[in-house]
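Dear colleague,

Please find the structure below for your records. My findings follow directly after it.

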Amino acid sequence: MRVGLFIPCYVDQFYPQVGIATLQLLEKYGCEVIYPADQTCCGQPMANSGFEHLTGGCNDLFIKNFHEFDYIVCPSGSCTLHIKDHLHATTAEGEVAAGGIRKKIYELIEFLTDVLKVEQLEASFPHKVGVHQSCHGQRGLKLSQMSELMAPPFSKPEKLLKMVKGIELIDLDRQDECCGFGGTFCVAEEAVSVKMGKDRLADHLHHGAEYITGADMSCLMHLEGILHRQKSPVRVKHIAEILVSQE
């Protein structure tokens, strides 16, 4: 299958190793991966700030770059959900292409579990790891069960992580609490955002996490900033980095 690799802005600029790990994972399972070099922001920051009507250029470029692939894969729940819910075009032909993209774009974890149906991994990461369930991935893409629902629990990220040799996943008191990042929320409501991040970290630290992982590097970036200011030895790693690790 031909897979278009969609890399979010913040991953491209600050965490390129996450894009590399994503590429390695997809190629490892036989995908032909192509990275459209002129891709830009998907428009999510503008849309989340109330300016979705200004994202037309982002939409048109995204459709141009990705409409011909069998699948589009992105290592970010929030960017994936934005495309799934908000990608549109101004022309009838473009809207047909946009509709096709909305159906075939996948966040990395759901692509590995639902499309490739990965059942084993050749990876090793001998550390105590806490899993952060990002809001968009959990509540929008249904990557894991929401604790307020009375239904059998499941977690696609944890299913994959449990295949990694030597890893120890810690239990948390509040498994699906928001970290406070929220995109532009952390700028508009800095104090609230930081307090939420500190509370989220306290749960991981209390249970002895050496690393905190998740499917959204944006959330992990927020937590990493707080850890850095607290001079904590705990580190963050995108789940793709752990799934290709050979420690």
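An open sheet is built from 4 strands in the order β6-β5-β7-β8, with parallel pairing; strands here are DSSP E runs of at least two residues, helices are H or I runs of at least four, and both are numbered from the N terminus. Two strands pair if DSSP finds at least two bridges between them. The edges are held by β6 (168-169) and β8 (235-238), each with a single partner strand, so one side of each has no neighbour in the sheet. Strand β7 (residues 211-214) pairs with β8 in the parallel sense over 4 bridges, and R235 in β8 is the bridge partner of Y211.

The model is predicted: local features need pLDDT of at least 70, side-chain atom pairs count only at pLDDT 80 or more, and totals for chains, interfaces and linings use all residues. Residues are numbered from 1 along each chain as its sequence is written, and side-chain values use heavy atoms, with hydrogens and water left out.

S124 is located in the loop between α7 (108-115) and β5 (128-131). At 13% relative accessibility, S124 counts as buried (under 20% relative accessible area, 1.4 Å probe, protein chains only). Beyond its neighbours within four places in sequence, S124 is in contact (heavy atoms within 4.5 Å) with V164, K165, S245, Q246 and E247. A polar atom of the S124 side chain lies 2.7 Å from the backbone oxygen of E247.

Elsewhere, F62, I63 and F66 in α4 meet G94, A97, A98, I101 and K104 in α6.

With kind regards

Technical notes: Buried < 20%, exposed > 50% of the residue type's maximum accessible area, 1.4 Å probe, protein only. Polar contact = N/O pair within 3.5 Å; in protein donor to acceptor, adjacent residues only side chain to side chain.
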